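Here are my notebook entries from a browse through this model. Have the structure open and follow along.

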Amino acid sequence: DDSLANREMLTQYLGNAGYTVMSTKDGQEALEIVNECHPNLILMDIMMPGIDGLEVCKKIKSDPGSAQIPIIFMSALGEALGKVRAFEAGADDYVTKPFHASEMLARVKTHLGLYELQNKLEEQVAERTSALEKANAALLEDIDARVRAEEALRKSTARFQEVWEQSTDALALS
């Protein structure tokens with residue numbers, strides 16, 4: 001937020017709700033913190049000194065390492081165009097100032113919960129993918145062993161057939 005008073009008020013609300021809060025004064029500092037700390041959620045104003053919030057959002061969402069971090073815009077720009085621009089930049093939610101603390105906390109809780117569920121799902125997918133890759137590797141080894149055994153059997157059968165057909169002596173099989 002470009003307003004120190006707003007940043008302090010938000011920090012107090014979120015801190016009282018048990019959240020750890022890092023505050024920045026401008027867009028460039030926000031990008032640095034995202035790269036260093038990888039926060040679980042970002043609350044951001046559109047109007048900020050230096051790089052505006054829309055540009056910061058685009059940069060965060062274009063980086064694969066931070067693209068999944070939920071971003072909630074908080075702005076006094078309440079017209080539909082401002083909201084549309086925020087969502088086009090990659091925002092996950094939008095709150096018009098002045099905001100109600102209970103609404104803000106509910107939105108933060110919801111987005112953090114969704115972020116956590118998404119991370120758990122991605123972990124489960126990675127675990128399942130790893131298990132399937134191991135199972136596929138074992139199946140490929142089994143297939144390769146069977147192909148080698150079939151080839152050995154063909155060679156043995158061919159050799160037996162050759163001995164049988166070329167033999168002038170009597171052969172007995174038991």
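I began with Thr24, which sits in the loop between helix 1 (4-16) and helix 2; helices are DSSP runs of H or I with at least four residues, strands are E runs of at least two, and both are numbered from the N terminus. Thr24 is buried, at a relative accessible area of 15% (buried is under 20%, exposed over 50%, partly exposed in between, with a 1.4 Å probe and protein chains only). I also looked up its C-alpha distance to Pro39, 15 residues apart along the chain, and found 13 Å.

A note on ground rules: this is a predicted model, where local features need pLDDT of at least 70, side-chain atom pairs count only at pLDDT 80 or more, and totals for chains, interfaces and linings use all residues. Residues are numbered from 1 along each chain as its sequence is written, and side-chain values use heavy atoms, leaving out hydrogens and water.

Next came His38, in the loop between helix 2 and strand 1 (42-44). Most residues other than glycine have a negative phi, so I noted that His38 has a positive one of about 45°. His38 counts as partly exposed, at 34% relative accessibility.

Then I checked how helix 2 (residues 27-37) meets helix 3 (residues 53-62): their axes come within 10 Å and cross at roughly 20°. I used axes fitted to C-alpha atoms over the stretch in contact, with angles from 0 to 180 degrees between N-to-C directions. The two helices are therefore roughly parallel (under 35 degrees; over 145 is roughly antiparallel, 65 to 115 roughly perpendicular, the rest oblique).

Last, I found Leu139 in helix 5 (residues 101-166), partly exposed at 48% relative accessibility.
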